[in-house]
Amino acid sequence: MGCCYVVISIFLCFSLAPCYLTFVASIDVGGNLHKNGKITTLSRSTPLLFTQRNKFPDDMSDTISHYAMLHTELGKAYGLRAEMSIWGSQNQEYSQESGAAIQIYCQYEGKYSLIEAGFHVSPSLYHNRDVRFFTYSTKDTKSPGCYNLQCTGFVPASGAALLPGQAVAPQSSYGEADRYIRLSLNKDPNSKDWVLYRHDLDAPSLLGHFPGELCPGTLQIQALSGFVNYLRNTQGPPMGSGHFPDDEDDKTCAYFKHVKIYDSKGHAWDPITTHMIPLVDKPDCYNETDFTVIINKGYIFYYGGPSGCIG
Ligand SMILES: *[C@@H]1O[C@H](CO)[C@@H](O)[C@H](O)[C@H]1NC(C)=O
């Protein structure tokens, strides 16, 4: 507890301006503040894409999970890259989580494991509403997994430009400026590990990797997802900018843009021939636009919704 406070410099890019540097003081690293077990952390549900949607196993019946995503069909997958907009969530309650991630679901022996990386606001994990870079893995999407460095999972690179649990700033500002970070998660053709890179700095920057054994088997589904988790009998937090994506405007809607898909050799391509399937489980609360291609934005979709979702 309380061992890991450091001053960390953070780069974040404007989509219209060059990268710049801010300093954020006293950031807790690792998201391990609740190690003593006294604080109830929201148990994380993962979308059960492949079984009965909206039906959660008993041990997660307290948590409601919604998502607005695009995913590939089950098959051999080698990774995704996207620019992910960064949105804060000022009124988010303690037990609510809201975020966006690149996800790889790995099918093996009748189960799906999941590895993912992205950005979220999760007061129960960090005790504030900062937007944090996070990683997550679970060996079975029906069981709770772990965030950041809570368990053996994601392995940060030394000197990484973002550490799991690290706050990122500044955030997008509604109607004024959108800010994003470009991440990729792909299977390294040599090591077979899933490597995570950041691409919006001067040069691609290795953030770390998920060891290959966390994603066993040869069939995967890969997804780009906005998601929320919250306690049953409460109302949902905002997703993305807290607005429906009707405007299709970078400054008012959360997005995944310049979406690329990796091949087995580790090269990224426009997903021209890849079937990306939209999946929104509660469109009256959280919705997404069609996946389209726009000049200067590449392959893109917008997603999001306001707080107050019931059920
Ligand atoms: C969700 O978005 C789709 C595609 O943009 C749209 O056709 C649909 O009407 C929206 N659904 C709701 C409930 O707003």
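Five cavities of 30 Å³ or more turn up in this predicted model, a cavity being a set of points on a 1 Å grid over the protein atoms alone where a 1.4 Å probe fits but cannot get out. Grid points are joined across faces, edges and corners, and a volume is the space filled by probe spheres set on the points. The largest cavity comes to about 130 Å³. Its lining runs to 16 residues, with Trp87, Ser98, Gly99, Ala100 and Phe119 closest to the centre; a lining residue has an atom within 4 Å of a point. Strand E5 (97-108) and strand E6 (111-121) each give two or more residues to this lining. Split by class, the lining holds eight nonpolar, eight polar and no charged residues. Here Ala, Val, Leu, Ile, Met, Phe, Trp, Tyr, Cys and Pro count as nonpolar, Asp, Glu, Lys and Arg as charged, and the others, Gly among them, as polar.

As for open space, the largest pocket takes up about 330 Å³. A pocket is an open set with protein on both sides within 12 Å along at least five of seven lines. Of its 21 lining residues, Gly88, Ser89, Gln90, Asn91 and Pro238 sit closest to the centre.

Residues are numbered from 1 along each chain as its sequence is written. Since this is a predicted model, local features need pLDDT of at least 70 and side-chain atom pairs count only at pLDDT 80 or more, while totals for chains, interfaces and linings use all residues; side-chain values use heavy atoms, with hydrogens and water left out.

On to the sheet. Seven strands make up an open sheet in the order E8-E7-E6-E5-E13-E3-E16, with antiparallel pairing; strands are DSSP runs (E, at least two residues), numbered from the N terminus, and two of them pair if DSSP finds at least two bridges between them. Strand E8 (146-147) and strand E16 (276-280) are the edges, each pairing on one side only. E8 and strand E7 (residues 132-138) are joined by two antiparallel bridges, and Ser137 stands opposite Cys146 in E8.

Two backbone details fall in loops. Glu109, in the loop between E5 and E6, has a positive phi of about 50° although it is not a glycine. A cis peptide bond, with omega about -5°, links Ala169 to Pro170, and Pro170 belongs to the loop between strand E9 (155-156) and strand E10 (179-187).

Finally, the ligand. Pro283, Asp284, Asn287 and Glu288 are around it, each with a heavy atom within 4 Å. The protein covers 37% of the 360 Å² of accessible area that the ligand has on its own (Shrake-Rupley method, 1.4 Å probe). This shell has one nonpolar, one polar and two charged residues. A polar side-chain atom of Asn287 lies 2.4 Å from a ligand oxygen atom, where a polar contact is a pair of N or O atoms within 3.5 Å.

How values were computed. A polar contact is a pair of N or O atoms within 3.5 Å; within protein, one must be able to donate a hydrogen and the other to accept it, and residues adjacent in sequence count only if both atoms are side-chain atoms. Helices (H or I, at least four residues) and strands (E, at least two) are DSSP runs, numbered from the N terminus.
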